[in-house]
Amino acid sequence: MEIIVGTNNQGKLREIQSAYSKEQITFVPYTKYTKSNEEVAEIGNTYTENALIKAQFYAQKIGKPVLADDGGLEIDAFPTILGVQTARFFKTGMSDTEKNQQLLALFDAHETFSRTIHLHAVLVYAWPNGEYIISAKQLNGELAKIETGELGYGFDKIFYLPKERKTLAQLSDVQRNELSPRMSALKELIEKLKE
């Protein structure tokens, strides 16, 4: 079974590819079916709208069903700055570490603020005819005080899990995949596809 993924983010693609063995499902980038590399404007007001915009755009472009996702980080203490705007909150071209440092700096003058955070992921599988299915999950944690760990990507080094007493970046790929909202949503979506 082959699933085409509508993303230009190589970290995200590798994470999705690691969810299943190649014998079960092969996840390929949409660029396998088109020479043009395109970024889709995320103009939706929700994660679901953005994931749907991307999935439908790529499905129309290549004439095949496509999986796309959207997600973001939400910080309870600063509810208006991230969320669905997460990607746009940061300057283009910033490294993961620069983004993480920018978030940690929010708390420099607000030590007493709640550090509770939520990682959201919505996956949409869309067909060129307009049909689609959706799966959404979230992971709750706390914003760490410093970057910790070497694994993962994105916010993993500052996403602290009190129950595990570790950041996502300190967990093995297997442990991280079990907790990842994107992986949970993907597994649910694959089950829906099998039905």
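**Exercise 1. Find the bridge partner of E2 in β2, then follow the chain from β1 to β2.**

Step 1: E2 has T26 as its bridge partner in β2. Helices (H or I, at least four residues) and strands (E, at least two) are DSSP runs, numbered from the N terminus.

Step 2: The chain gets from β1 to β2 by way of α1, a β-α-β crossover that is right-handed. Right-handed here means that, with the strands pointing away from the viewer, the path from the first strand over the helix to the second runs clockwise.

Step 3: β1 and β2 pair in the parallel sense over four bridges; two strands pair if DSSP finds at least two bridges between them.

A word on the model: it is predicted, so local features need pLDDT of at least 70 and side-chain atom pairs pLDDT 80 or more, while totals for chains, interfaces and linings use all residues. Residues are numbered from 1 along each chain as its sequence is written, and side-chain values use heavy atoms, leaving out hydrogens and water.

**Exercise 2. Work out which residues of β3 stand opposite I4 and V5.**

Step 1: Look across to β3: I4 has V66 as its bridge partner, and V5 faces L67.

Step 2: β1 and β3 (residues 66–75) pair in the parallel sense, over two bridges.

**Exercise 3. Decide whether T7 is buried or exposed, and list its contacts.**

Step 1: Find T7 in the loop between β1 (2–5) and α1 (10–17).

Step 2: Its relative accessible area is 10%, so T7 is buried (under 20%; exposed is over 50%, partly exposed in between; 1.4 Å probe, protein chains only).

Step 3: Skip neighbours within four places in sequence, and T7 is in contact with K12, L13, Y30 and Y58 (heavy atoms within 4.5 Å).
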